[in-house]
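Me: Please take a close look at one part of this model, its charged side chains and how they pair. Then follow the chain from there into the parts around it.

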Amino acid sequence: MMITHLVYTHSDYSRAWPLLFGQLHKYFANQPIVVMVDQQSDLLPPQAQLLIYDQAQPYQQRIRSCVEKLDPNLVVLFLHEDMILYQQPDYNLLQQFSNLVATDQAQVIKLLRAGDYKLPSMIHPQLYYNSNNMNYCIQPSLNKVSNLDRVYQIEGDSIWQFEKNAMNQMTIPDSYYYYGDEPIKWLSHYDSNAYPFIATAIVKGEWNVKEYHVELNALLDEYKVNHI
C-alpha cells in the first residue's frame, strides 16, 4: 500500500510536528509526505517534499498555491498538523478507499463520521453519503489533488468561514464518510478505526487533553513534548 500524506501546517504550530511526523513515520514509514508550510525548518522530516506558501495570503490561496504544483490526479490523504494518529490505521481499508478515489468512484472520503446523517453508499459497506451541508469538512480525507484545488476556490475571510461556506456551497455528488460502528466521541464526532486520529490535538492554543486525555498524554510523553 502507498499513501501520500498532504499536510497543511504553519511554523506557529511546530510543537505538534514531533507527534504528527513521528506517528506518520511509525505507521507509514518510507511513504510520501508533502508538507505545505510557511518556511523551511529542521524540525520537518528530511524526506518530506516541502511546498512553501506565502503566509500573507489567505488560507485558501495558501492551499491552492501549493496543490497547483502537484499532479492533479494524485490521490492524497489531506490533513492539518493537529490531526495526529494515535494507533495503527487499517491499511486494507485505506487502500480500498484510495482505489475508489483513484478510479473516480468517489471524489471525497472523510475518514471519520460526524453528525447523525447515515445513508449507506452503494460502493462500500463502510462508506456513507455525506449530507448536502457536510460535503466538505477540514478532516483527514482522501481526495484527488484536482478536487482540493476546486474546493479551495471557495471564498471565506477565515479558515472557519471558508469551511462553513464549503459545507454549504459545495456540490460533490460522490462525497462519502467512513463509519465502522465506532463509538461516539463526546457530542460531535465518532472514533475512526480506519484512521485513528485525534480530532483535534490543539484547541484554542491548548493541547486537547479534555477529549483525548489518554491518547494525547501518551504521545506527549513518548515524544518528550511539553504538556503545557
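Reply: Start with D149, which counts as partly exposed because its relative accessibility is 21%. Buried would need a value under 20%. Keep in mind that this is a predicted model.

D149 forms a salt bridge with R64, and the closest N and O atoms are 3.2 Å apart. D149 sits in helix α4 (residues 145-151) and R64 in helix α2 (residues 59-67), so the pair ties together parts that are 85 residues apart in sequence. R64 has a relative accessible area of 25%, so R64 is partly exposed as well.

How many salt bridges are there by this rule? The count comes to 4. Side chains of opposite charge can pair when their charged atoms come close.

Take D104 and K144 next. Their side chains meet in a salt bridge at 2.8 Å, N to O. D104 lies in the loop between α3 and β5, and K144 in strand β8 (residues 141-144), so this pair links parts that are 40 residues apart in sequence. D104 counts as exposed, because its relative accessibility is 53%. K144 counts as buried, because its value is 10%.

Another pair is K26 with E222, with closest N and O atoms 2.9 Å apart. K26 belongs to helix α1 and E222 to helix α6, so the pair ties together parts that are 196 residues apart in sequence. K26 is partly exposed at 38% relative accessibility. E222 is partly exposed at 39%.

Stay with helix α6 (residues 213-222). Its buried residues are E215, L216, N217, L219 and L220. What covers them includes α1 (17-27), β10 (184-185) and β13 (206-207). Just after the helix, K224 takes a positive phi of about 55°.

Now a charge without a partner. D82 is in the loop between β4 (75-80) and α3 (91-102). D82 is buried yet has no salt bridge. The nearest side chain of opposite charge is R15, at 8.9 Å. The cut-off for a salt bridge is 4 Å. Which residues does D82 touch, not counting those up to four places away in sequence? They are I198, T200, A201 and I202.

S121 lies in the loop between β6 (119-120) and β7. S121 counts as buried because its relative accessibility is 11%. A polar atom of its side chain lies 3.1 Å from the backbone oxygen of H124. The S121 side chain also reaches the backbone oxygen of L127, at 2.9 Å. Leaving aside neighbours within four places in sequence, S121 contacts L127, Y128, Y129 and Y176.

β9 pairs with β7 (residues 127-129) in the antiparallel sense over 3 bridges, and Y128 stands opposite Y177. β9 also pairs with β5 (residues 108-110), in the parallel sense over 3 bridges. There V108 stands opposite S175.

Note on methods
Residues are numbered from 1 along each chain as its sequence is written. This is a predicted model: local features need pLDDT of at least 70, side-chain atom pairs count only at pLDDT 80 or more; totals for chains, interfaces and linings use all residues. Side-chain values use heavy atoms; hydrogens and water are left out. Buried means under 20% relative accessible area, exposed over 50%, partly exposed in between (1.4 Å probe, protein chains only). Helices (H or I, at least four residues) and strands (E, at least two) are DSSP runs, numbered from the N terminus. Contact means heavy atoms within 4.5 Å. Lys and Arg count as positive and Asp and Glu as negative; His and the chain ends are not counted. Two strands pair if DSSP finds at least two bridges between them. A polar contact is a pair of N or O atoms within 3.5 Å; within protein, one must be able to donate a hydrogen and the other to accept it, and residues adjacent in sequence count only if both atoms are side-chain atoms.
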